[in-house]
Amino acid sequence: MSKFLGTMLSRLSRLLLPLFLVTPICAHNLLYGQSTPRESEESNLTYHRTVSEVRLVFFATDERNHSVEGLQKDDFAVVDDELVIRHFRSFTRSDLTKLDVIVLVDSSESVLPQFEQETTVVLQLISQLPWNPGDYLSVLSFSGMETHLVCAGNCRSSFIGDRLASVPKGGATPLFDALEIAAKLLIQRRQPDVWPVIILFSDGDDTISKVAFKGAMEKILASEAQLYAIDASGPGQPSNGSETLHRIADDSGGRFAGISEGANTIFKDVIDDLHSARVVTYRLPKSNSEFHSTRILPTHNLKLQFRCRRGYYYHHRSGSAYPEDGP
Amino acid sequence: MKRAGLLIFLWCGLPSLLTAQIGIYQHGTVVRMHMGDCIAAGHGFMMAFGSPSNAMGPEPCPEYTLVSDSVVYVIVGKMSNSLIPLAETIDFRLQKNELAVRVDDAKHEAKFTIKEMIVRSEWERVRRHMDEKVRASEDHEAER
């Protein structure tokens, strides 16, 4: 009996097996067959899918504050909105990316005694930075109630010294307004392979801005720019705004320096960062909050220090990590 | 002199060597981290089941969620710079109401206060629920 059943099953399976094999192919053909009349319509269809990716520029230093050369992607983890992220989409050095630099020069009353020194450092910095052909450089000044455009995009080729000397001077200090304008310009020109940088020369004492510190900081974070704050208050006169400058620089992942340290120190800081910056990208983690705090921490060597921006904003509705409004 | 040196070496090195040999370390992965309130010394786990934790001062302390095979621990550093290396897998052991984490490169253990302990299956259930809520809220936002 069992032999008979075995023979029957064997025959049945031999009969059915080709049928099972053919079915998916037929189904595939049927599906395509159905779509044939609409082929021309479908060829015009565009499929959209939002791919949300976070991109962080960061700097790694050892216990002696020296840049870490051979950093690997398993040497660090990103803490994004409390979640620990160890698997990244990409990890590269950023010295091959283009730069979009905005130099913001405070020309208000409070820094007038140092304005000449400020201009000298700005010019030295511009002439010494290792520019590449696709890099952008814009210079803005701020004083009174306004931010003034000194030159945009191609300041390296312009005769910027004369232009800087003739900017409006004196009056109040609209620092936060100027920061917001600079950040909006960077957002407007944003490209994935461009690294936005703001170099700010000011004493940090805002006296008249329409925008509050928080609003300006939000825009800077949204622009993904690293901000290098150079305290332009006079020697021996520590300004009340130093703390503000420190905070803006730290939150953006940039650095703070005093103008008295000279152009070489400031230049060295910026150049070091340009050469040592890394870019890591990863999938946007799920979160209910619009603001994602970010921090980079070591996975093995606790002596490593990492510097990056404090966080970023993600707008669920637009599916974008960028602000919805334009400049 | 040599003998004394050897004795000192054995005295210092033997406990950690034995620990490693016996294999009392458990393995786990840190999945979350944030800076929160510090926990008053000597309370830790007991305090977590009682009244809310006391803030120790303006400096925040790091709080980690450490997932092991069967239990999920929420642990708090004793100082703002009590950091755990965020490697894929870390070694830890329970010691007198505290959790000692082996810091590979530093060749020592860092001790953390246990704030919460949850059975892993329960923690995963809560996490799934949270994920669903986030997804639902994202879908709702996308529809608007």
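This is a predicted model: local features need pLDDT of at least 70, side-chain atom pairs count only at pLDDT 80 or more; totals for chains, interfaces and linings use all residues.
For chain B, the average pLDDT is 79, and 67% of the residues score at least 70. One stretch to treat with care is residues 50-55 of chain B, where pLDDT stays under 50; the model has 6 contacts beyond four places in sequence for these residues. Where pLDDT is low, the coordinates should not be read in detail.

Now turn to where the chains meet. Chain A brings 17 residues to the contact, and chain B brings 20 residues. On the side of chain A that touches chain B, β2 (76-80), β3 (83-85) and β12 (291-298) each give two or more residues. That side of chain A is made up of 7 nonpolar, 6 polar and 4 charged residues.

Between β2 and β3 of chain A runs a loop worth a look, and it holds D81(A) and E82(A). Most residues other than glycine have a negative phi. Yet phi is near 50 degrees, a positive value, in D81(A), and near 80 degrees, also positive, in E82(A). D81(A) counts as buried because it has 20 C-beta neighbours inside 10 Å. E82(A) is buried too, with 20 other C-beta atoms within 10 Å.

Finally, follow chain A to helix α6 (residues 213-223), whose buried residues include M217(A), I220(A) and L221(A), along with K219(A). Among the elements covering the buried residues of α6(A) are α5 (175-188), β8 (194-202) and α7 (242-252) of chain A. Just after α6(A), E224(A) takes a positive phi of about 65 degrees.

Definitions and conventions: Residues are numbered from 1 along each chain as its sequence is written. Chains are lettered from A and ligands numbered from 1 in the order in which they are written. Two residues are in contact if their C-beta atoms, placed from the backbone, lie within 7 Å. Helices (H or I, at least four residues) and strands (E, at least two) are DSSP runs, numbered from the N terminus. Ala, Val, Leu, Ile, Met, Phe, Trp, Tyr, Cys and Pro count as nonpolar, Asp, Glu, Lys and Arg as charged, and the others, Gly among them, as polar. pLDDT is the predictor's confidence in each residue, from 0 to 100. A residue is buried if 20 or more other C-beta atoms lie within 10 Å of its own, exposed if 12 or fewer, and partly exposed in between; C-beta atoms are placed from the backbone.
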